[in-house]
Amino acid sequence: MNSKIYLSITIDTECDKGAKWKVKQPMSFHNMYNGVVNRLQPLFDKYNVKATYLLSPEIIRDERSVEILKKFDSKVELGTHLHAEFIEPQANFTSDSTKEFQSNFDPEIEKAKLVNLTNLFIEAFGYRPLSFRAGRFGISKYSLKFLQDLGYLVDSSVTPDFTIKNKESKQVINFFGAPYQPYFPSEKDFRRHGKLSILQVPVTVVHKKILNVPLWIKRGIMVDKSYQHIIFNYLTQFSKPTWLRPTYADIDQMKSITNDMVKQAKGSDVFLCMMFHSNEFEVGMSPYSLNEAAVDKILDRLDAYLSWVTSKDNFSSLGLSEIKTKF
């Protein structure tokens with residue numbers, strides 16, 4: 001039996017940035033007004049796929065962006081995306097970066113930020129968001145329970161076979177050993193299966209050299225420690241993870257990671273979670289799109305992948321929170 005392939009395209013939807021992810025101050029939203037409206041959403045419409053826009057607080061406060069998103073109506077799903085600088089408490093609205101992990105804050109501060117972000121969304125759109133991703137994937141050990149209590153159905157902050165390091169705080173979020181496919185996580189360790197009712201939908205990222213290594217072994221990998229990092233690099237021949245992301249991967253790489261996930265599923269349904277940022281589709285608004293050629297390259301890769309994957313008889317497109325209906 002062929003695996004059913006479900007694709008969720010998720011967009012971290014943010015203000016305009018530039019080289020080194022520096023926020024343009026005063027804030028601007030040209031990536032929404034042009035990149036999303038004239039480049040990105042028309043491509044989704046072309047292939048009749050449903051995208052999930054995960055909205056950072058500054059986007060929700062921008063009336064024109066909200067009106068644009070409302071006009072997309074049921075063609076899209078809207079969720080939230082926490083950049084802690086731009087929501088109280090302890091906000092910094094003039095920050096030129098979004099470098100904070102929500103896990104850097106005391107639990108009561110993190111919870112208050114999530115509550116305020118959720119309420120901001122409800123005030124703007126009139127309903128409760130169901131899907132979430134942490135800024136810079138920086139979830140804490142409390143985040144999933146907080147989100148569950150706020151009524152979220154799905155989180156997508158986990159990037160398997162990968163670690164995220166905050167250069168300022170030196171904190172490392174270790175996702176080695178997390179499953180590749182959606183799972184109900186443990187409250188004690190978001191990499192493990194457990195009893196939370198919120199569904200974790202990992203971003204589709206795979207380190208091919210350790211694809212078939214048991215999860216319990218991968219959870220012991222601590223690449224933040226220099227000597228282990230050196231050993232790990234030699235054992236994996238200095239290879240890098242592959243992301244289902246047109247910013248990082250060409251069409252052949254995205255096909256390969258899709259086929260790897262299908263093969264590993266052994267006939268079961270396959271859930272793919274592609275991610276990128278809205279500002280990657282407007283010239284000069286992200287480090288990956290500093291000129292027209294760079295934007296066209298990402299757009300062409302996305303177009304080619306969607307043309308390939310949507311042609312499959314066993315393909316289906318889902319909003320991020322809709323994945324939970326399949327469990």
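Arginine 136 sits in the loop that links β4 (131–134) to α5 (143–149). In this predicted model, the phi angle of arginine 136 is near 60 degrees, a positive value in a residue other than glycine. With a relative accessibility of 28%, arginine 136 counts as partly exposed. Aspartate 73 is another non-glycine residue with a positive phi, here about 55 degrees. This aspartate belongs to the loop between α3 and β3. As for solvent, aspartate 73 comes out at 56% relative accessibility and so counts as exposed, the cut-off for that class being over 50%.

The backbone also has cis peptide bonds worth a look. One runs from glutamine 25 to proline 26, with omega near 0 degrees. Proline 26 is found in the loop between β1 (5–13) and α1. Another cis bond, again with omega near 0 degrees, joins glutamate 88 to proline 89. That proline is part of the loop running between β3 (76–82) and α4 (107–125).

Stepping back to the whole chain, the fold has nine helices and 12 strands. Its radius of gyration is 19 Å, close to the 20 Å that the globule rule gives for 327 residues, so the chain is as compact as a globular protein of that length. Of the 327 residues, 57% count as buried. Contacts reach across the sequence, too: among those between residues at least 6 apart, 71% join residues at least 24 apart.

Now for helix packing. Two packed helices are described by the angle between their axes and the distance between the axes. For α1 (residues 30–47) and α3 (residues 63–72), the axes come within 10 Å and cross at roughly 20 degrees. Angles under 35 degrees count as roughly parallel, and α1 and α3 are therefore roughly parallel to each other. The crossing of α1 past α3 is right-handed. On the α1 side the contact is made by Met32, Tyr33, Val36, Val37 and Gln41, while α3 brings in Arg64, Ser65, Ile68, Leu69 and Phe72. Sorted by class, this set has seven nonpolar, two polar and one charged residues.

Arginine 64, one of the α3 residues in that contact, has a relative accessibility of 49% and so counts as partly exposed. Between arginine 64 and phenylalanine 29 there are 9.0 Å in space, C-alpha to C-alpha, although the two are 35 residues apart in sequence.

The crossing of α8 and α9 is right-handed. Here Ile251, Met254, Lys255, Thr258 and Asn259 of α8 make the contact with Arg301, Ala304, Tyr305 and Trp308 of α9. The residues of this contact split into five nonpolar, two polar and two charged.

Terms used: Residues numbered from 1 in each chain as written. Predicted model: local features only at pLDDT ≥ 70, side-chain atom pairs only at ≥ 80, totals over all residues. Heavy atoms only, no water. Axes fitted to C-alpha atoms, helices over the stretch in contact; angles between N-to-C directions. Helix = DSSP H or I, 4+ residues; strand = E, 2+ residues; numbered from the N terminus. Parallel < 35°, antiparallel > 145°, perpendicular 65-115°, else oblique. Left-handed = near helix turned anticlockwise from the far one by under 90°. Contact = heavy atoms within 4.5 Å. Nonpolar A, V, L, I, M, F, W, Y, C, P; charged D, E, K, R; others polar. Rg over C-alpha atoms; globule rule 2.2 N^0.38 Å. Buried < 20%, exposed > 50% of the residue type's maximum accessible area, 1.4 Å probe, protein only.
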